[in-house]
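I opened this entry to keep a record of what I looked up, beginning with the strands and ending with the ligands and the spaces around them.

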Amino acid sequence: MATKPRKSAVDFLPTKRAIETLRRAAKSCKGCDLYKKATQTVFGEGPVRANVMFVGEQPGDHEDRQGRPFVGPAGRLVDKALTEARIPREEVYVTNAVKHFKWIWRGKRRFHQKPAIRQVTACKPWLEAEIEVVRPKIVVCMGATAAQSVLGKLVRVTKERGKFIESGSGPITFITIHPSVIYRQREKDEQEKEYRRFASEIKQVQRKLNSIKTVKLL
Ligand code: URA
Ligand code: SF4
């Protein structure tokens, strides 16, 4: 018996590869089941010629309602670290590995659920298209889901964080934690410690960006 091919975002990708065309097409994506419970598709945002792209896991509750990536508590931590590193947020393209919010009720709250590997794979064509169009110099993967999608393999973030991975072709990849790791720490000093390490990794990205820009000027 022939197995049914798995659904994916591929069937919804437009032929014209431009950010606005992709964003419009992603609105009606049914590449996996996640569109059913979510409010809307949350596509990436930022300049089309950004030097750096930040990739998260999936939209959270705030992002799902507002239709924009990283506008909730995780986004505030990213903003803070970007400001400290002197990387203007307007110069950064921000997106997620999965474009719909996966959640379950917990009491009266919509509670985040980790997307399954098959859902990350189903949504990957959107991220690949964004990388293809934006052509960033550096892709920053925040957390295991982003790293898994970008690198195509399971990654131990605790082991691989803080390193630049250069493949020769395509953008340089950098792995750091997902900012939600910071506010999930119970103790204030643990939160501070996690944040400091996250912020120092974003500064590493800034230094790398500067060195790339300097090379381009020579
Ligand atoms: N967490 C993510 O991974 N992405 C968002 O857009 C918001 C929170
Ligand atoms: Fe499509 Fe991704 Fe949403 Fe699934 S999560 S429906 S693949 S946009």
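**Conventions.** I am working on a predicted model, in which local features need pLDDT of at least 70, side-chain atom pairs count only at pLDDT 80 or more, and totals for chains, interfaces and linings use all residues. Residues are numbered from 1 along each chain as its sequence is written, chains are lettered from A and ligands numbered from 1 in the order in which they are written, and side-chain values use heavy atoms, with hydrogens and water left out.

**Sheet.** I took helices (H or I, at least four residues) and strands (E, at least two) as DSSP runs numbered from the N terminus, and I counted two strands as paired if DSSP finds at least two bridges between them. On that basis I found an open sheet of 5 strands in the order E2-E1-E5-E7-E6, with mixed pairing. Strand E2 (92-96) and strand E6 (164-165) stand at its edges with a single partner strand each, so one side of each is left without a neighbour in the sheet. I then looked up the pairing of strand E1 (residues 52-56) with strand E5 (residues 138-142), which run parallel and are joined by 4 bridges; here Val52 stands opposite Ile138 in E5.

**Hairpin.** Strand E3 (residues 103-106) and strand E4 (residues 109-112) run antiparallel and are also joined by 4 bridges, with Trp103 opposite His112 in E4. The hairpin has 2 residues between these strands, and I noted that Gly107 takes a positive phi near 65°.

**Ligand 1.** I listed as surrounding residues those with a heavy atom within 4 Å of the ligand, and for ligand 1 these are Gly56, Glu57, Gln58, Pro59, Gly60, Glu63, Pro69, Phe70, Ala74, Asn96 and His178. For polar contacts I used pairs of N or O atoms within 3.5 Å (within protein, one must be able to donate a hydrogen and the other to accept it, and residues adjacent in sequence count only if both atoms are side-chain atoms). A polar backbone atom of Glu57 is 2.8 Å from an oxygen atom of ligand 1, and a backbone N or O atom of Phe70 lies 2.9 Å from an oxygen atom of this ligand. From Asn96, a polar side-chain atom lies 2.7 Å from a nitrogen atom of ligand 1.

Which residues are around ligand 2? I find Cys29, Gly31, Cys32, Leu34, Tyr35, Val98, Lys99, His100, Ala122, Cys123 and Trp126. I searched for spaces on a 1 Å grid over the protein atoms alone, where a cavity is a set of points that a 1.4 Å probe fits but cannot leave, a pocket is an open set with protein on both sides within 12 Å along at least five of seven lines, and lining residues have an atom within 4 Å of a point. The space taken by ligand 2 is the largest cavity, a molecule being placed there if more than half of its atoms lie within 2 Å of the grid points. About 100 Å³ of space lies in this cavity, where a volume is the space filled by probe spheres set on points joined across faces, edges and corners. Of its 13 lining residues, Cys29, Cys32, His100, Cys123 and Trp126 lie nearest the centre, and helix H4 (residues 117-134) gives the largest share, 3 residues.

The largest pocket has a volume of about 700 Å³, and of the 27 residues that line it, the closest to its centre are His112, His178, Ser180, Tyr183 and Arg184. E4 gives the most to this lining, with 4 residues. The second largest pocket has a volume of about 200 Å³, and among its 15 lining residues Ile131, Val150, Leu151, Pro171 and Thr173 are closest to the centre. H4 gives the most to the lining of the second largest pocket, with 4 residues.
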